[in-house]
Amino acid sequence: MVQVKYEGKAYEAEVVDSMWSISKGLSFTFRKRNMFFIMPYEAKWSFWMFGMFFPLKIIFMDKNKDVIDEFDAKPMGLDPRTWCTYKPARPAKYVLEILI
């Protein structure tokens, strides 16, 4: 676990740094927790909410942990209009997912 600050508040988050863990994330789990993804390099990483059962805030950060973009992400449903990805405007090194 690691403590990550966002908008003046500290969040306890599980560290995710292997490609398998990054790919899986919280998909198909009911265990609600915050996650801090350490990506292998800076890029415009794309996240989606496939297999999710609860909403999250996705915060993309650069290598200095400055916020690049943030999204209120909703679980995907059967309606194709709910199928979307969340991608930052600039390359990100870190991604924080927090429960909302």
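User: Which residues does Met 39 touch, not counting residues up to four places away in sequence?

Analyst: Keep in mind that this is a predicted model. Leaving out residues up to four places away in sequence, Met 39 touches Ile 22, Trp 45, Phe 47, Lys 93 and Val 95.

Some of those names come up again in the core. The largest nonpolar core has 21 residues, and Met 39 is among those with the most contacts inside it, along with Phe 37, Phe 47, Met 49, Ile 58, Phe 60 and Val 95. Strand 3 gives this core its largest share, 4 residues, while strand 3, strand 5 (56–61), strand 6 and strand 8 each supply at least two. There's another core lying apart from that one, with 10 residues, including Tyr 6, Tyr 11, Ala 13 and Ile 59.

Now for the strands themselves. Strand 3 covers residues 35–43 and strand 8 covers residues 92–99; the two run antiparallel to each other and are paired over 5 bridges. One spot to look at is Met 35, whose bridge partner in strand 8 is Glu 97.

Zoom out and you'll see both strands sitting side by side in an open sheet of 6 strands, ordered 1-2-3-8-5-6 with mixed pairing. At its edges are strand 1 (2–6) and strand 6 (67–73), each of which pairs on one side only. On average, neighbouring strands in this sheet are turned by 35° against each other, direction ignored.

Conventions. Residues numbered from 1 in each chain as written. Predicted model: local features only at pLDDT ≥ 70, side-chain atom pairs only at ≥ 80, totals over all residues. Heavy atoms only, no water. Pairing = 2+ DSSP bridges. Axes fitted to C-alpha atoms, helices over the stretch in contact; angles between N-to-C directions. Core = buried A, V, L, I, M, F, W, Y, C linked by side-chain atoms within 4.5 Å. Buried < 20%, exposed > 50% of the residue type's maximum accessible area, 1.4 Å probe, protein only. Contact = heavy atoms within 4.5 Å.
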